[in-house]
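Trainee: I am new to this structure. Please walk me through the terms as we go.

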Amino acid sequence: MAEILFWFIASLTVLSAAMVVLNNQLLYSAIALLFTLFGVAGLYIYLWADFIAGVQLLVYIGGINVLIIFGIMLTNRISSVRLSQTNIQQGFGGVIALWLLIIISLVISKTPWYQVTSAEPSSTVREVGTLLMTKYLLPFEAISILLLGALIGAALLSREAS
Amino acid sequence: MDQLNNYLFIAAILFSLGVFGVMTRRNGIAVLMGVELILNAANLNFIAFSRFGGMNLDGHIFGLIVIVLAAAEAAVALAIVINIYNNLNTINVDEASMMKE
């Protein structure tokens, strides 16, 4: 059962990711991106990362995807129903993307990855919090400064020029 | 589902699709969606290696930081896209190629 669900989530992720880059309707791409992010969150749960899965749902689906849909709404004339958009150089781009995929797949299948079997933890929240406050305190503070900068920068950029 | 390679292959497909989107899309916001796919692929790799490398939680911290960076990047990029739209009335990246109007 869990195996079937895993393959369902994996195919949902990959197929909706293909929709994101191939669909001509911009809004449909944004909705497909929602399903991709949701599928990735499901994969995180299979990887025992419950906290990261929750953050993925909150920040990616609740924040970034809504922001992207807002961006689409603000930069298209909704009334004229021309939300479509086109791709250019599809053949060239397809060849490069396929070449990348083949190279990466070869590397993945040929490399003997270092693997350790471990027991499934009941929750990772406590350990992640401890790591953030001890070993990774400096990156944590740096990312706070970065978020503040991004906040001020985005507000400054999108303000009406006076 | 207990194979590291499965997750790596899914991440590789997501990454290739994201690169394809970044290279072929004309709309600025659609390019941004491709970037989000690439970031998600990288994140999936971090978490997968964390799980199969003995549940080492350093990978989770990296994943969190990537998610925060993606949020900051999306906010600033969308502000820039809206500014370009107000100035040039288009957000197709091949038309908005000049540094000034």
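Mentor: Start with domains: their bounds come from an automatic or database domain assignment. This is a predicted model, where local features need pLDDT of at least 70, side-chain atom pairs count only at pLDDT 80 or more, and totals for chains, interfaces and linings use all residues. Residues are numbered from 1 along each chain as its sequence is written, while chains are lettered from A and ligands numbered from 1 in the order in which they are written.

Trainee: What domains does the assignment give chain A?

Mentor: Domain 1 spans 1-86 and domain 2 spans 122-162. The centres of these two domains of chain A, taken over C-alpha atoms, are 23 Å apart.

Trainee: Why is α6(A) called roughly parallel to α3(B)?

Mentor: Helices are DSSP runs of H or I, at least four residues, numbered from the N terminus. Helix α6 (residues 137-157) of chain A and helix α3 (residues 58-88) of chain B have axes that cross at roughly 15 degrees and come within 9 Å. Angles under 35 degrees count as roughly parallel, so α6(A) is roughly parallel to α3(B).

Trainee: What is the handedness of the crossing of α6(A) and α3(B)?

Mentor: Left-handed. The near helix is turned anticlockwise from the far one by less than a right angle.

Trainee: Which residues of α6(A) and α3(B) meet?

Mentor: Contact needs C-beta atoms, placed from the backbone, within 7 Å. A:Leu146 and A:Gly153 are among those in α6(A), and B:Val76 and B:Asn83 among those in α3(B). The contact holds 14 nonpolar, two polar and no charged residues. Ala, Val, Leu, Ile, Met, Phe, Trp, Tyr, Cys and Pro count as nonpolar, Asp, Glu, Lys and Arg as charged, and the others, Gly among them, as polar.

Definitions and conventions. Axes are lines fitted to C-alpha atoms, for helices over the stretch in contact, and angles run from 0 to 180 degrees between N-to-C directions. Helices (H or I, at least four residues) and strands (E, at least two) are DSSP runs, numbered from the N terminus. Angles under 35 degrees count as roughly parallel, over 145 as roughly antiparallel, 65 to 115 as roughly perpendicular and the rest as oblique. Two residues are in contact if their C-beta atoms, placed from the backbone, lie within 7 Å.
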